[in-house]
Amino acid sequence: MALHLIKLCVGAESIRDLEEWIEERMRERRRQKLPQEQLHTTRMVPKRVAEILDGGSLYWVIKGQLACRQRLVDIRPFTDGEGISRCHLVMEPLVVPVSPRPYRPFQGWRYLTAKDAPPDLGDGSASAAEMPEELRRELASLGLL
């Protein structure tokens with residue numbers, strides 16, 4: 001069973017904000033003739049890499065709600081120019097909205113088990129998938145979604 005990571009998406013106001021940021025990074029990577037992969041740098045390296053890479057995703061918390069996910073395809077530890085250990089989380093650039101759920105702020109990332117992960121929107125909740133994100137957020141915050 002896959003293990004996931006969860007992380008705050010600092011600076012993003014919406015899923016669309018995140019998607020636009022990813023699109024811009026992909027355009028820049030194409031210009032530089034770099035592989036079309038999305039990298040997110042973290043300080044800590046997950047210890048349970050094999051479980052994460054067995055179908056795991058990075059779930060993003062946007063404006064206090066678990067909002068979307070991206071499939072993790074690799075985890076690459078490295079040492080930066082200042083000698084500090086870091087890690088690249090390599091993700092598919094496709095963002096998948098999930099059933100929104102309130103989530104308190106935290107630092108870094110956390111593990112998220114498959115049983116605790118919210119379902120993707122569109123997996124039996126087509127009407128929620130068609131709603132504007134702001135409406136989904138509001139309904140979830142009221143406990144109605």
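This is a predicted model: local features need pLDDT of at least 70, side-chain atom pairs count only at pLDDT 80 or more; totals for chains, interfaces and linings use all residues.

**Strand pairing**

I started with β7 and looked up who sits across from I6: the bridge partner in β7 is R110. β7 covers residues 109–113, runs antiparallel to β1, and is joined to β1 by 5 bridges.

Next I checked the pairing of β1 with β3, residues 57–62. These two strands pair in the parallel sense, over 4 bridges. Here L5 stands opposite L58 of β3.

**Cores**

Then I went for the nonpolar cores. Which residues of the largest core touch the most other members? W60 and I62 do, in a set of 21 residues. I also listed the elements that give two or more residues to this core: β1, α1 (15–31), β3, β4 (65–79) and β5 (85–91). Another core lies apart from it and has 8 residues, among them I6, L66, V98 and L112.

How much space lies in the largest pocket? I noted about 230 Å³. The lining has 14 residues, and the closest to the pocket centre are L8, C9, V10, H40 and W60. W60 I had already written down for its contacts in the largest core. By element, β1, α1 and β2 (38–42) each supply at least two residues of the lining. The largest share comes from α1, with 3 residues.

**Aromatic rings**

I looked for ring pairs, and the count comes to 2 aromatic pairs. One of them is Y103 with F106, edge-to-face, 5.7 Å centre to centre and 70 degrees between the planes. Y103 is partly exposed, with a relative accessible area of 25%, whereas F106 is buried at 13%.

W109 and Y111 also form an edge-to-face pair, with 5.1 Å between centres and 70 degrees between planes. W109 is buried, because its relative accessible area of 14% is under the 20% cut-off. Y111 comes out as partly exposed at 30%.

What sits over the ring of Y111? I found the charged end of R48 there, 5.2 Å from the ring centre. So my note on Y111 has both a ring partner, W109, and a charge from R48.

Last stop was positive phi outside glycine. K33 has phi near 60 degrees, a positive value in a residue other than glycine. I placed K33 in the loop between α1 and β2. Buried or exposed? K33 counts as exposed, at 73% relative accessibility.

K63 also went on the list, with a positive phi near 50 degrees in a residue other than glycine. Where does K63 lie? I found K63 in the loop between β3 and β4. At 54% relative accessibility, K63 counts as exposed, because the cut-off for that label is over 50%.

Notes: Residues are numbered from 1 along each chain as its sequence is written. Side-chain values use heavy atoms; hydrogens and water are left out. Two strands pair if DSSP finds at least two bridges between them. Rings of Phe, Tyr and Trp (its six-membered ring) pair if their centres lie within 6.5 Å; planes under 30 degrees apart count as stacked, over 60 as edge-to-face and the rest as tilted. Buried means under 20% relative accessible area, exposed over 50%, partly exposed in between (1.4 Å probe, protein chains only). A charge sits over a ring if NZ of Lys or CZ of Arg is within 6 Å of the ring centre and within 35 degrees of the ring normal. A nonpolar core is a set of buried Ala, Val, Leu, Ile, Met, Phe, Trp, Tyr and Cys residues joined through side-chain atoms within 4.5 Å. On a 1 Å grid over the protein atoms alone, a cavity is a set of points where a 1.4 Å probe fits but cannot get out, and a pocket is an open set with protein on both sides within 12 Å along at least five of seven lines; lining residues have an atom within 4 Å of a point. Grid points are joined across faces, edges and corners, and a volume is the space filled by probe spheres set on the points.
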